[in-house]
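I opened this entry to keep a record of what I looked up. The coordinates come first, then my notes.

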Amino acid sequence: MDTNTKLCQGKDIFERMNYLYQASYLMALKNRVAASYYGNIMVGCAKKSVLRIEPDIKRTICKCCQSPLIPGETAKVRLVSKPIKSVKWTCLTCLSIKRYPTKKGYKLWIEQPNSIVQIFNYEPKLLDDKSNKKEKNSLDKEHMDIEKN
């Protein structure tokens, strides 16, 4: 293993949360109870393993019933100007309301460049064709030596 390679703690949990989020999103139109159940399991996984869900994903999940908020399908989205300019999301399953204030030039902290400390790359490293040929040649030589003996 390379000394430069860093492993992410909780990678398997992130993968499970991703799968549950996608399943919840797909089930939202067919079976809202199942979608809410998958969302609840996803939030439970994050809490149990003390991992944070990204704000973009948090904003698409109802805080009350954990079902995905899909504009026009499972949620009603409105622009409100009073008392504070905001975007108002209403869950059509449990009728809970989420408000997100809108300010000119406002960015979430995670969207700012100084919030990123390190980026992990989870893609497996592909070996070059030259190194593959060298490994194959060495394996062929070993195989030939074994057959001769």
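My notes follow, grouped by topic.

**Ground rules**

I am working on a predicted model, where local features need pLDDT of at least 70, side-chain atom pairs count only at pLDDT 80 or more, and totals for chains, interfaces and linings use all residues. Residues are numbered from 1 along each chain as its sequence is written, and side-chain values use heavy atoms, with hydrogens and water left out.

**Strands**

I looked up the strand pairing first. Strands β1 (residues 75-80) and β2 (residues 86-91) run antiparallel and are joined by six bridges. Two strands pair if DSSP finds at least two bridges between them. Helices (H or I, at least four residues) and strands (E, at least two) are DSSP runs, numbered from the N terminus. Opposite Val77 I find Trp89 of β2.

I then checked Thr90, which is in strand β2. Is Thr90 buried or exposed? Thr90 is buried, because its relative accessible area is 11%. My cut-offs: buried is under 20% relative accessible area, exposed over 50%, partly exposed in between (1.4 Å probe, protein chains only). Beyond its neighbours within four places in sequence, Thr90 contacts Thr74, Ala75, Lys76, Leu95, Ser96 and Ile97. Contact here means heavy atoms within 4.5 Å.

**Helix α1**

Next I looked up Ser24, which belongs to helix α1 (residues 11-27). Ser24 has a relative accessible area of 3%, so I log this residue as buried. Leaving out residues up to four places away in sequence, Ser24 touches Ala35, Tyr38, Gly39 and Pro68.

How many salt bridges are there? The count is one, with a salt bridge defined as a side-chain nitrogen of Lys or Arg within 4 Å of a carboxyl oxygen of Asp or Glu. The partners are Glu15 and Lys11, with their closest N and O atoms 3.9 Å apart. Both lie in helix α1, four residues apart, about one turn of the helix. Glu15 is partly exposed at 47% relative accessibility. Lys11 is also partly exposed, at 32%.

**Aromatic rings**

I searched the whole structure for aromatic pairs and got two. Tyr21 and Tyr25 form a tilted pair, 6.3 Å centre to centre with 40 degrees between the planes. Rings of Phe, Tyr and Trp (its six-membered ring) pair if their centres lie within 6.5 Å; planes under 30 degrees apart count as stacked, over 60 as edge-to-face and the rest as tilted. Tyr21 and Tyr25 are about one helical turn apart, because four residues separate them in helix α1. Tyr21 is buried at 18%, whereas Tyr25 is partly exposed at 39%.

The rings of Tyr37 and Tyr38 have centres 6.1 Å apart and planes at 55 degrees, so this pair is tilted too. Tyr37 is exposed at 53%; Tyr38 is partly exposed at 27%.

I also logged Arg59, whose charged end sits over the ring of Tyr100, 4.3 Å from its centre. The rule needs NZ of Lys or CZ of Arg within 6 Å of the ring centre and within 35 degrees of the ring normal.

**Nonpolar cores**

Last, I looked up the cores. A nonpolar core is a set of buried Ala, Val, Leu, Ile, Met, Phe, Trp, Tyr and Cys residues joined through side-chain atoms within 4.5 Å. The largest has nine residues, among them Met17, Leu20, Tyr21, Met42 and Ile61. Helices α1 and α2 (32-48) each supply at least two of its residues. The most come from α2, with four.
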